[in-house]
Amino acid sequence: MSSILVSLQGGILGITLNRPDKLNAFNPEMHQRLKAALERARDEPEVRVVLLTGAGRAFCAGQDLAERDVSAGAAPIDLSVTIGSYYNPLVRRMRELPKPIVCAVNGIAAGAGANIALACDLVLAARSASFLQAFSRIGLLPDSGGTWFLPRLAGSARAMGLALLADKLPAEDAEHWGLIWKAVDDARLMDEAQAIARILADGPTKAYGLIKKALHASAGNSLDAQLDLERDLQREAGLSEDYREGVAAFMQKRKPVFKGK
Ligand code: T3D
């Protein structure tokens with residue numbers, strides 16, 4: 001059984017984390033397969049949007065802790081190796097993907113699993129799902145971008161509480177705190193995520209990539225720098241076929257047919 005399931009239908013690349021008996025915890029093989037799937041999303045023009053979810057009752061429980069030998073006498077573990085080789089490149093790959101990533105959080109998202117969900121562009125979560133910065137429970141600090149995402153999305157007081165106390169944050173609170181787009185009824189999760197992915201798959205893909213770029217850059221930019229960036233990116237957007245189609249469709253009072261070009 002593959003640790004990552006991938007399907008392409010109507011421009012939507014579905015990626016399912018698939019180690020349900022381990023709550024979809026990451027091992028090196030799963031990292032490699034997820035990397036390959038995201039590279040496919042980047043390289044194939046047929047892919048217009050990614051829809052990420054987990055198999056079974058969890059979204060992802062972060063690092064597979066069974067892979068770590070912490071027995072007495074075992075050699076010290078240098079965690080910077082896996083962070084540097086797997087988790088950081090993964091988060092960068094997701095943020096740099098010039099296509100939207102929709103995340104359907106189907107159950108608990110813990111440790112790196114929580115922060116990988118937050119690295120996605122539009123996050124929906126089942127009402128029964130929760131987000132857990134599990135790191136301090138095992139003597140670690142949030143990684144996979146957690147210390148960057150949390151204060152920016154929820155504010156520093158809430159970020160500190162989540163990181164220090166490592167309490168489960170239910171999906172509805174995650175929505176109200178601004179961590180995610182929406183909490184939805186469990187039975188509706190995949191239909192709603194598919195519907196959003198469908199809209200995005202039919203949309204102006206280039207503009208979506210530029211929107212990601214601009215919004216991600218804004219956290220580190222002054223207003224002046226951001227205005228310059230918007231000017232430069234808008235130039236790029238204006239040169240796309242989809243821009244011409246969008247304006248033509250508006251003028252002709254019809255629905256645009258975007259091709260992602
Ligand atoms: O090491 C590095 O490379 C550094 C990178 C770190 C990144 C990280 O993600 S560190 C944080 C790692 N994750 C955690 O600390 C979360 C650990 N899991 C939990 O706290 C709980 O499992 C949950 C709160 C997520 C869910 O609790 P519950 O009660 O619903 O389920 P459970 O009974 O604890 O887990 C079910 C099974 O999944 C169980 O296996 P078993 O007993 O049925 O054979 C459990 O051991 C397994 N499981 C859950 N999480 C992990 C895991 N196995 C390995 N690694 C896990 N992370």
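Reader: Hi! Which polar backbone atom is 2.9 Å from a nitrogen atom of the ligand?

Author: Hello! That atom belongs to the backbone of Ala61. Keep in mind that this is a predicted model.

Reader: Okay, noted. And what lies 2.8 Å from a nitrogen atom of the ligand?

Author: A backbone N or O atom of Gln63 does. There is also Thr82, where a polar atom of the side chain lies 2.6 Å from an oxygen atom of the ligand.

Reader: How much of the ligand's accessible area does the protein cover?

Author: On its own, the ligand has 1000 Å² of accessible area, and the protein covers 67% of it.

Reader: How many residues surround the ligand, and which are the closest?

Author: The ligand is surrounded by 22 residues. The closest are Arg57, Gln63, Arg68, Thr82 and Ala112.

Reader: Which classes do the residues of that shell belong to?

Author: There are 13 nonpolar residues in the shell, along with four polar and five charged ones.

Reader: And which helix gives the largest share of the shell?

Author: That would be helix α2, residues 79-96, with four residues.

Reader: Nice. New topic: sheets! What is the strand order in the open sheet of four strands?

Author: The order is β4-β6-β8-β9, and the pairing is mixed. At the edges you find β4 (58-60) and β9 (169-170), and each of these pairs on one side only.

Reader: How do strands of a sheet pair in general?

Author: They pair through backbone hydrogen bonds, in either a parallel or an antiparallel way.

Reader: Then are β4 and β6 parallel or antiparallel?

Author: Strands β4 and β6 run parallel, and two bridges join them. Strand β6 covers residues 108-110. You can look for Cys60, which stands opposite Ala109 in β6.

Reader: Where do Asp121 and Lys212 sit, and what does the pair tie together?

Author: Asp121 is in the loop between α3 (112-118) and β7 (122-126), while Lys212 is in helix α8, residues 205-218. The pair therefore ties together parts that are 91 residues apart in sequence.

Reader: Is Lys212 buried or exposed?

Author: Lys212 has a relative accessible area of 7%, so it is buried.

Reader: What about Arg254, which residue does it form a salt bridge with?

Author: Arg254 forms one with Glu245, and their closest N and O atoms are 2.8 Å apart. Arg254 is partly exposed at 35% relative accessible area.

Reader: Why does Glu245 count as buried at 18% relative accessibility?

Author: Because buried means under 20% relative accessible area, and Glu245 has 18%.

Reader: Got it! Which residues are linked in a network of salt bridges?

Author: Lys182, Arg188, Asp191 and Glu192 are. Within that group, Asp191 forms a salt bridge with Arg188, with 3.5 Å between the closest N and O atoms. Both ends are partly exposed: Asp191 has a relative accessibility of 48%, and Arg188 has 39%.

Reader: Let's switch to Glu29. Where does it lie?

Author: Glu29 lies in helix α1, which covers residues 28-43. Its relative accessible area is 37%, so Glu29 is partly exposed.

Reader: Which side chain does the side chain of Glu29 make a polar contact with?

Author: With that of Arg33, at 2.4 Å.

Reader: Last one! What is the phi of Leu23?

Author: Leu23 has a positive phi of about 50 degrees, although it is not a glycine. Leu23 is in the loop between β2 (12-17) and α1, and it is partly exposed at 23% relative accessibility. Ser144 is not a glycine and has a positive phi too, of about 55 degrees.

Reader: Where is Ser144, and is it buried or exposed?

Author: Ser144 is in the loop between β8 (130-132) and α4 (146-154). With a relative accessible area of 1%, Ser144 is buried.

Notes:
Residues are numbered from 1 along each chain as its sequence is written. This is a predicted model: local features need pLDDT of at least 70, side-chain atom pairs count only at pLDDT 80 or more; totals for chains, interfaces and linings use all residues. Side-chain values use heavy atoms; hydrogens and water are left out. A residue is near a molecule or strand if one of its heavy atoms lies within 4 Å of it. A polar contact is a pair of N or O atoms within 3.5 Å; within protein, one must be able to donate a hydrogen and the other to accept it, and residues adjacent in sequence count only if both atoms are side-chain atoms. Accessible areas come from the Shrake-Rupley method with a 1.4 Å probe; for residues, only the protein chains shown count as cover. Ala, Val, Leu, Ile, Met, Phe, Trp, Tyr, Cys and Pro count as nonpolar, Asp, Glu, Lys and Arg as charged, and the others, Gly among them, as polar. Buried means under 20% relative accessible area, exposed over 50%, partly exposed in between (1.4 Å probe, protein chains only). Two strands pair if DSSP finds at least two bridges between them. A salt bridge is a side-chain nitrogen of Lys or Arg within 4 Å of a carboxyl oxygen of Asp or Glu.
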